[in-house]
Amino acid sequence: MSTEEQPLLAAVALHKAYGATPALDGASLAIRAGEVVAVMGPSGSGKSTLLHCLAGIVRPDAGAVRYRDRELSAMPDAERSALRRGEFGFVFQFGQLVPELTCLENVALPLRLAGVRRREAERRAAEWLARLEVTDVAGQRPGGVSGGQGQRVAVARALVTAPRVIFADEPTGALDSLNGEQVMRLLTGAAREAGAAVVLVTHEPRVAAYADREIVVRDGRTRETVLADR
Amino acid sequence: MSIGQTFLGLLEASPRHGYELKRVYDERFGQGRPLHYGQVYSTLARLLKSGLVSVDGVEPGAGPERKRYAITEAGVTDVRRWLAQPEKPDAYLQNTLYAKVVLGLLTGRDAADILDVQRAEHLRLMRTLTRRKADGDLADQLICDFALFHLEADLRWLELTAARLDQLATTLASTTPAPQAGPAAAQAGPAAPQGGPPAAQAGTAARRGGSTGREVSA
Ligand SMILES: Nc1ncnc2c1ncn2[C@@H]1O[C@H](COP(=O)(O)OP(=O)(O)OP(=O)(O)O)[C@@H](O)[C@H]1O
Ligand SMILES: [Mg+2]
C-alpha cells in the first residue's frame, strides 16, 4: 500500500468478541478513496464483523476505525448515524428492500430521508435504476422481482446518495453465476464511475476478482500476502 | 513437478540415502509412477554438481547407493526460494502445490504462507481475466470464464487445504519414515528408531502457520 496517500477508511488492530466467542483478534486494513477491496476468508473468520466495525454498525472492544481524520468510536451516536446515511451505502445478501414500497420508491427512500423532495428523489432514483439496467421493475414491489433484479435495485439504492464507501456483504451470495456476474459488473462499474470505494465481503474468488486487491481474514486476523520478488 | 526440488526439500528435513529418497518420493508424491533409479542418481549427481547437496557419509562397500546425502546452505536457500515463489497458475498444478505444502510442513516452514502466496497469484490472474472480459465480446467472455472457473476450483482447493493443515501435519508426522541414521547405525540392523525430527517438526509448523482447522463454507 502506498504511504503517500492518506487512506479514506482505516481499521487498526480491531478486537471484538461476542461473549466468549472471539470474532476479531487484531484486524487491520486501510482503504483508499475509490478503491475496490475484497475481504475474503473462511466462514466464521470475522469478515462480516470487520465490515460492521468499519461501517460503524458494531463498536469494537479495542482498536480504532478512522474515516478521513475522524475516529468512529469517538463520535456521538447521532453523528455516526448521520455519517452512515450520508457517506456510506450498504448492499447485503438479501432482505434489505422495504417490501411495501415499489422498487423506485425503495431507491428514492434514502434521498427522501435526507429531505429531498419526492419528484427530485424519484427522478434520481429512476436514473440509477436505468444505470443498473432494471428500469422495467421500477413500479413493482421487491417481492415480485427476481433475486438478481432485487440485488441491482439494492445497488441502485446504495449508490443514490453518492456515498464515498459502499459496504457489500456477500452481495451475490444468493444469486446464480450469471446474475452474480451482472451484479458485480454493475456494482463495481457504477462505483468506479462515481469514485466510491467498495468494501466487498465474499468467499467466492470469481466475485473477489472484480476488486482491485484482496485482504484475507483468518481467525479474526487480517493476513497481508507479500509476493516473492521475481 | 521438479524432482530435484522435491529431493532438496526432503533432504532439508533430514539427510537420506538415494534409495530412501526414492522410497519416500514414491510413497508421498509418486502417484503410482515410481521413479527409476537412473532418475534418482542423475538428479542427485546434478544437485551435487551444483553444490546444493553434499555427500554426508559413505557406507563401506561403496557404489552410488551407499552414499548418504545432505542439503547444503545453498540448497536450503534454493528450497526457500522455490517454496516462497508462487506457481504460474496453470492446469494440473496439483502435484506441485501438494508437494510444496508437504515439504513446507516437513521442513518446519509456514505452510499457510505457501498457500496464501499462491492464492494471491491466482487471484491476480483472475483479476486480469475479469478486466479482459469486461472489454471483450461474448467469445472473449466465454473463454475468460472457462479459465476463471478453473482457477476458482484451484482456489477452493487451496482454501480447503489451508483449513486442513493441522490434520495434514499430524498425518505426515505419523507416516513419514524416519531416515536411517549414519553408516554405523545402518550396519547395526534394521531396527532404526522411528519418529525422528522431521515428523516432530511437522506438528509445530502447522500450528505456527495459524491455520484454522475450520472448513470453508460452500
Ligand atoms: N451477533 C453475534 N452474536 C454472537 N456471535 C457472533 C455474532 N456475530 C458473529 N458472531 C461470531 O463471531 C465469529 C465471526 O463471525 P462473522 O459473522 O464475522 O464471520 P464471517 O467471516 O462473516 O462468516 P460467514 O462467511 O459465515 O458470513 C463467528 O464465530 C460468529 O459465530
Ligand atoms: Mg459473514
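Helix α6(A) gives the most to the lining of the largest cavity, with four residues. α6 (177–194) and α7 (205–208) of chain A each supply at least two residues there. Helices are DSSP runs (H or I, at least four residues), numbered from the N terminus. A cavity is a set of points on a 1 Å grid over the protein atoms alone where a 1.4 Å probe fits but cannot get out; lining residues have an atom within 4 Å of a point.

This is a predicted model: local features need pLDDT of at least 70, side-chain atom pairs count only at pLDDT 80 or more, and totals for chains, interfaces and linings use all residues. Residues are numbered from 1 along each chain, chains are lettered from A and ligands numbered from 1 as written, and side-chain values use heavy atoms, without hydrogens and water.

The count is two cavities of 30 Å³ or more.

| Cavity | Volume | Lining by class |
|---|---|---|
| Largest | about 70 Å³ | four nonpolar, three polar, four charged residues |

Helix α5 (residues 94–106) and helix α6 (residues 111–135) of chain B pack at about 150°, axes 8 Å apart. That makes α5(B) roughly antiparallel to α6(B) (angles over 145 degrees). The contact (heavy atoms within 4.5 Å) includes L97(B) of α5(B) and L115(B) of α6(B).

How values were computed:
Axes are lines fitted to C-alpha atoms, for helices over the stretch in contact, and angles run from 0 to 180 degrees between N-to-C directions. Angles under 35 degrees count as roughly parallel, over 145 as roughly antiparallel, 65 to 115 as roughly perpendicular and the rest as oblique. On a 1 Å grid over the protein atoms alone, a cavity is a set of points where a 1.4 Å probe fits but cannot get out, and a pocket is an open set with protein on both sides within 12 Å along at least five of seven lines; lining residues have an atom within 4 Å of a point. Grid points are joined across faces, edges and corners, and a volume is the space filled by probe spheres set on the points. Ala, Val, Leu, Ile, Met, Phe, Trp, Tyr, Cys and Pro count as nonpolar, Asp, Glu, Lys and Arg as charged, and the others, Gly among them, as polar.
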